[in-house]
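Please open the structure in your viewer and keep the selection panel at hand.

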Amino acid sequence: MALDQSFVGRTYPPTTSYEVGREKIREFAEAVGDPNPAYVDRAAAEELGHPDVIAPPTFVFAITFKAAGEVIHDPELGLDYSRVVHGDQKFAYTRPVCAGDKLTVTSTIEGIKSLAGNDIIDVRGEVHDEAGEHVVTAWTKLVSRAAEEA
């Protein structure tokens, strides 16, 4: 069954604050195999003009996808998460994520469409720091695969 188009534009409350830690950044950089010294060495990050180590660009996915969980599990939306696959991801940064940042995410359903029986939902996550300044916008595309016919 196609998702309700009236959900397009619905915004969910901001998440609780997530404090970005140096160790989490280091672990993430190692996991993705990125040896950039600005991810693990504060002096290297400071040489580039940052107040502390910075996170790889895709690091923020961990908190924006968790925030999108409010959308995914909204019982009124009726999305069957057991059929969902991750379709696409993109980011637009105002500044890098730094260790010590306290970030919140506000998720908005930007689009819903049906294609070949599949429901496609686009969720935009606006990430702000504790001063309310924009850090990054993340777009996540989720595809809820059509049910297989018996």
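The stops below lead from the sheet to the core and then to the aromatic rings.

This is a predicted model, in which local features need pLDDT of at least 70 and side-chain atom pairs count only at pLDDT 80 or more, while totals for chains, interfaces and linings use all residues. Residues are numbered from 1 along each chain as its sequence is written, and side-chain values use heavy atoms, with hydrogens and water left out.

**The sheet**

Begin by selecting the strands, which are DSSP runs of E with at least two residues, numbered from the N terminus; helices are runs of H or I with at least four. Five strands form an open sheet in the order β1-β3-β4-β5-β2, with antiparallel pairing. Two strands count as paired if DSSP finds at least two bridges between them. In general, strands of a sheet pair through backbone hydrogen bonds, either parallel or antiparallel. At the edges are β1 (18-19) and β2 (84-93), each of which pairs on one side only.

Next, select α3 together with the sheet. This helix packs on the sheet and touches β1, β2, β3, β4 and β5. Here contact means heavy atoms within 4.5 Å. The direction of α3 makes about 55° with that of β3; such angles run from 0 to 180 degrees between N-to-C directions, along lines fitted to C-alpha atoms, for helices over the stretch in contact.

**Two hairpins**

Select β3 and β4 (residues 118-128), which are antiparallel and joined by 11 bridges. Two residues lie between these strands, and Ala116 in this hairpin takes a positive phi near 55°. Which residue of β4 stands opposite Ser114? It is Asp119.

Asp119 also leads across to β5, where its bridge partner is Ser144. The antiparallel strands β4 and β5 are joined by 10 bridges. Their hairpin has five residues between the strands, and there Gly132 takes a positive phi near 85°.

**The cores**

Now select Ile25, Val97, Leu103 and Val127, the residues with the most contacts inside the largest nonpolar core, which has 21 residues. A nonpolar core is a set of buried Ala, Val, Leu, Ile, Met, Phe, Trp, Tyr and Cys residues joined through side-chain atoms within 4.5 Å. Buried means under 20% relative accessible area, exposed over 50%, and partly exposed in between (1.4 Å probe, protein chains only).

Centre the view on Val97. Beyond its neighbours within four places in sequence, its contacts include Val20, Phe59, Leu103 and Val135. A second, separate core of 14 residues includes Val71, Leu77, Leu79 and Ile112.

**The rings**

Finally, display the aromatic side chains. The structure holds three aromatic pairs. Rings of Phe, Tyr and Trp (its six-membered ring) pair if their centres lie within 6.5 Å; planes under 30 degrees apart count as stacked, over 60 as edge-to-face and the rest as tilted.

One of the pairs is Phe61 with Phe65, stacked at 5.2 Å centre to centre with 25° between the planes. Because they are four residues apart in helix α3, these two are separated by about one helical turn. Phe61 is partly exposed at 26% relative accessible area, and Phe65 is partly exposed at 22%.

Another is the tilted pair of Phe91 and Tyr93, at 6.3 Å centre to centre with 40° between the planes.
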